[in-house]
Amino acid sequence: MSRLDNEVARPGTLAPPTPTRHATRRIGRTPMALLLPAALGLLFLVLPLVGLLARAPWSTLPQRLTEPAVLTALRLSMQTATLATLLCLALGVPLAWLLARVRFPGRRVVRALVTVPLVLPPVVGGVALLLVFGRRGLVGSWLDATFGITLPFTTTAVVLAEAFVAMPFLIIAVEGALRGADTRYEEAAATLGAGRWTTFTHVTLPLVAPGVAAGAVLCWARALGEFGATITFAGNYPGRTQTMPVAVYLALETDLEAAIVLSLILLTVSVVILASLRDRWTGR
């Protein structure tokens, strides 16, 4: 159909011109000025991973993976990351719903505060946690005086540090899912007499379940790899606060191959996480 035919078929509109074969070929051609920096950027990101794989002690890898120190650090990391994710789900999903569905004064400020841990250096986050939950902190002094609870340099401190840096990932994912969900289903449930809590649990959550799942996985992966806030707020005690990233940092000083093995474990977990979420990032 020609351009004139398009105008006749749809009066008052101007149909976009159909690109010719020469124009299509010209649009699809890759400019060298962009191709070279893109290749260098890809090389810059991939080359360190290749170096890690190249220096890995593959011959002694099974023995090193079964060492007690490695298994202890791995088990502790898995446990604390899971607990931190559960804490983020309990607190982050309601906060994401509040930001997505409720209009209140200062909502932009609250959203900015929620995303601060994304750009805040983790060590600074650990110092902030120590000043709040330490024995002389704003909340920690009250917990110590009233209940005799001391949080710093305990496994609980690891969970809090990981939840602090990982919760924004969950909130952003869930808030995006809530904004993209069709609210007509919630309105229909309210019309049929469902209460707010029933609507939230039986309609809203099933609608945004993929977003919640993706946010939880990202949150868990971020918690698993947390180092700065953990070592500042929780310290380094084998079996109690020594997670995988902390173990990697310490192994660099004494045993490079052990550090490489621990890094390979974290790299494998990261690749699995990214592979499981690729449909959410590359899907239409």
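How far apart do the end C-alpha atoms of residues 112–133 lie, and how much of the span is helix or strand? In this predicted model, the end C-alpha atoms of residues 112–133 lie 23 Å apart, and the span is 91% helix and 0% strand.

View 1. The unreviewed UniProt entry places the feature "transmembrane region" at residues 34–56, 76–100, 112–133, 153–178, 199–223 and 258–277. For residues 112–133, the model gives 91% helix with 0% strand and a distance of 23 Å between the end C-alpha atoms. Residues 153–178, another of the annotated regions, are 92% helix and 0% strand, with end C-alpha atoms that are 37 Å apart.

View 2. Helix α5 comprises residues 68–101 and includes Ala84, which is buried, its relative accessible area being 0%. Leaving aside residues up to four places away in sequence, Ala84 touches Val159, Glu162, Ala163 and Ala223. The C-alpha atom of Ala84 is also separated by 8.6 Å from that of Met167, a residue 83 residues apart from Ala84 along the chain.

**View 3. Thr80 and its polar contact with Glu162.** Thr80 likewise belongs to helix α5 and counts as buried, at 1% relative accessibility. The side chains of Thr80 and Glu162 are joined by a polar contact of 3.3 Å. An α-helix has 3.6 residues a turn, so residues three or four places apart point the same way.

**View 4. The cysteine pair Cys88 and Cys219.** The cysteine sulfur closest to that of Cys88 belongs to Cys219 and is 3.5 Å away, which is too far for a bond because a disulfide requires sulfur atoms within 2.5 Å. Cys219 is accordingly in no disulfide, and the count for the model comes to 0 disulfides. Both cysteines are buried, Cys88 at 0% relative accessibility and Cys219 with a relative accessible area of 0%.

Methods: Residues numbered from 1 in each chain as written. Predicted model: local features only at pLDDT ≥ 70, side-chain atom pairs only at ≥ 80, totals over all residues. Heavy atoms only, no water. Helix = DSSP H or I, 4+ residues; strand = E, 2+ residues; numbered from the N terminus. Buried < 20%, exposed > 50% of the residue type's maximum accessible area, 1.4 Å probe, protein only. Contact = heavy atoms within 4.5 Å. UniProt positions renumbered as here; feature names shortened; annotations may be inferred. Polar contact = N/O pair within 3.5 Å; in protein donor to acceptor, adjacent residues only side chain to side chain.
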